[in-house]
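Hi there,

Here is the structure I promised to pass on. Have a look at it first, and my notes follow below.

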Amino acid sequence: MANSNYESAATQTPLLLDDDDDVVEAAVDYQGRPVLRSTSGGWRSASFIIGVEIAERVAYYGIGSNLISYLTGPLGQSTATAAQNVNLWDGTASLLTLLGAFLADSYLGRYRTIVVASLLYILGVGLLTLSALLPSLSASDCETTNQSTSCSSRLQELLFFFSIYIVAVGQGGHKPCVQAFGADQFDGQDPEECKAKSSFFNWWYFGICAGPLCTFSLLAYIQDNLSWGLGFGIPCIVMVLALSIFLLGTRTYRYSVKGDEESPFVRIGKVFVVSLRNWRTCSSAMASEEESRGILPHQSSEQFKFLNKALLAPDDLKGNGKVCTVLEVEEAKSILRLFPIWATCLAYAIVFAQFSTFFTKQGATVNRTIVPGFDIPPASLQSFIGLATIIFIPIYDRIFVPMTRAYTRKPSGITMLQRIGTGMCLCAISMVVAALVEMARLQTAKDYGLVDIPSATVPMSIWWLVPQYLLIGLADVFTMVGLQEFFYDQVPTELRSVGLALYLSIFGVGSFLSSFLISAIEKATSGMGQVSWFSNNLNRAHLDYFYWLLAGLSVVELAIFVYFAKSYIYNRRGTI
């Protein structure tokens with residue numbers, strides 16, 4: 001375990017260092033000593049951390065990718081209720097990253113937060129495995145309907161929901177800290193390591209997509225055909241291995257040093273408080289005060305000028321030295337600047353929530369036979385998202401970036417916001433394709449007289465669903481990786497875990513909005529004898545209408561995003 005002083009500003013005794021070795025600034029080793037570039041960090045340490053995240057993603061998707069099948073099967077929930085529950089759980093897990101990042105950046109440090117979160121994760125998945133084994137202990141509780149066999153008991157349901165929300169808490173601490181800790185292994189002040197850091201985000205996402213690739217097929221098959229207990233037990237074992245891998249790298253990691261200055265949360269919060277208290281201050285008084293303090297016009301950006309009022313001390317604070325600096329005001333502006341981008345990515349997150357819910361239920365209705373006697377699990381189609389990602393990330397990193405770099409003269413080829421916007425466009429196209437395929441599926445069911453036979457297999461190959469998954473995967477290469485780099489790069493250094501948590505919170509809020517949208521549409525379309533868009537009988541439902549609605553939202557979102565992206569001012573260090 002790392003020394004308790006590894007992320008403090010404790011004074012360290014200088015070491016006798018070889019002149020040829022380069023000491024990494026603002027970083028220490030696990031014992032709180034200065035670290036050498038040649039013996040710490042870099043790809044060696046990052047590979048441990050990427051390995052941990054691959055294992056964590058295997059565990060997370062091993063639970064989440066087929067969760068809707070468990071809810072509509074053993075737990076006997078309706079399609080709409082199950083989709084809402086999946087979205088609520090996924091949304092909670094993503095939003096809890098804000099709490100995890102706050103604790104890491106303010107109190108525990110990233111290393112300790114990862115260890116504690118991993119232990120909670122293991123506890124949650126262990127309890128989930130136990131909950132899945134309960135029906136086999138009380139088979140008399142099983143009841144069969146025309147669509148599924150429900151073996152749930154009250155105890156099983158309570159234990160199930162308790163365990164998956166323990167997993168959500170664990171993921172909330174694990175997810176933002178692991179990626180930020182991985183990026184911390186590269187020194188942004190060193191030209192070579194700076195390039196490696198930019199590449200790290202591409203290969204990070206490559207790893208977390210390549211790792212779970214087999215999960216979607218193997219674990220989904222085990223869960224659907226063998227045992228849910230075994231299907232949840234394997235992710236538990238994987239998380240134990242993940243924690244072990246992470247601890248193996250303890251001696252090689254670089255740990256960020258915190259100075260004695262105020263917490264970044266306090267500094268930024270103070271800017272907003274003082275600005276509010278000075279809201280009546282006129283511009284002439286501000287100009288006079290700035291001139292007396294020698295603040296030049298170019299030192300403070302013109303955007304969000306109302307925050308410049310924090311440069312003035314309120315009357316009751318004058319003489320106490322409690323005046324915000326230009327740097328603190330600019331930090332607050334950099335955070336505020338993120339929110340239009342954050343908000344305009346929510347429709348993308350709503351679309352992202354569908355592939356583990358309605359896409360999976362859609363696949364369960366069509367012909368899934370690969371060879372006689374073997375049907376591909378519907379959840380395994382999610383592997384095509386990972387497949388598209390692992391194919392296109394190397395192409396993006398090794399071909400697309402060098403080609404566009406030669407034209408734009410930018411280190412990353414295109415800007416982070418251009419990358420995000422490209423993925424949003426592909427996302428809208430994927431929804432159009434999904435709507436067209438669903439229309440074809442409904443028509444096929446009608447042509448073969450299967451509209452009122454929900455248990456019958458629609459004679460349409462499951463491969464028709466592959467393009468919508470591939471497009472989502474390609475969109476992720478642009479938008480997901482772009483968002484990760486953007487929210488890491490554009491926040492103050494001390495808040496990078498929070499920056500990545502803000503990126504993850506997009507998908508948390510998106511999942512909640514998806515759940516709300518499903519609930520509202522379910523109520524609006526199921527009354528007065530109408531058939532709901534999300535009817536349990538998908539041959540009478542209208543998922544195509546829902547997909548067209550999401551396609552329209554994606555187009556509107558893209559237009560608003562472009563408007564804000566054009567006026568976005570990058571932080572001075574964020575030049576890509």
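Of the contacts in the protein (heavy atoms within 4.5 Å) with a separation of 6 or more, 81% are accounted for by residues 24 or more positions apart. Please keep in mind that this is a predicted model, where local features need pLDDT of at least 70, side-chain atom pairs count only at pLDDT 80 or more, and totals for chains, interfaces and linings use all residues. Residues are numbered from 1 along each chain as its sequence is written, and side-chain values use heavy atoms, with hydrogens and water left out.

The protein has 18 helices and nine strands, taken as DSSP runs (helices H or I, at least four residues; strands E, at least two) numbered from the N terminus. Of its 576 residues, 57% count as buried, meaning under 20% relative accessible area, with exposed over 50% and partly exposed in between (1.4 Å probe, protein chains only).

The axes of H15 (residues 416-447) and H18 (residues 543-567) come within 8 Å and cross at roughly 165°; the axes are lines fitted to C-alpha atoms over the stretch in contact, with angles from 0 to 180 degrees between N-to-C directions.

Then there is Gln303, in the loop between helix H10 (283-292) and helix H11 (326-343). Gln303 is partly exposed, with a relative accessible area of 21%. Leaving aside residues up to four places away in sequence, Gln303 touches Lys333, Arg337, Ser567 and Ile569. The C-alpha atoms of Gln303 and Glu330 are separated by 9.7 Å.

Best wishes
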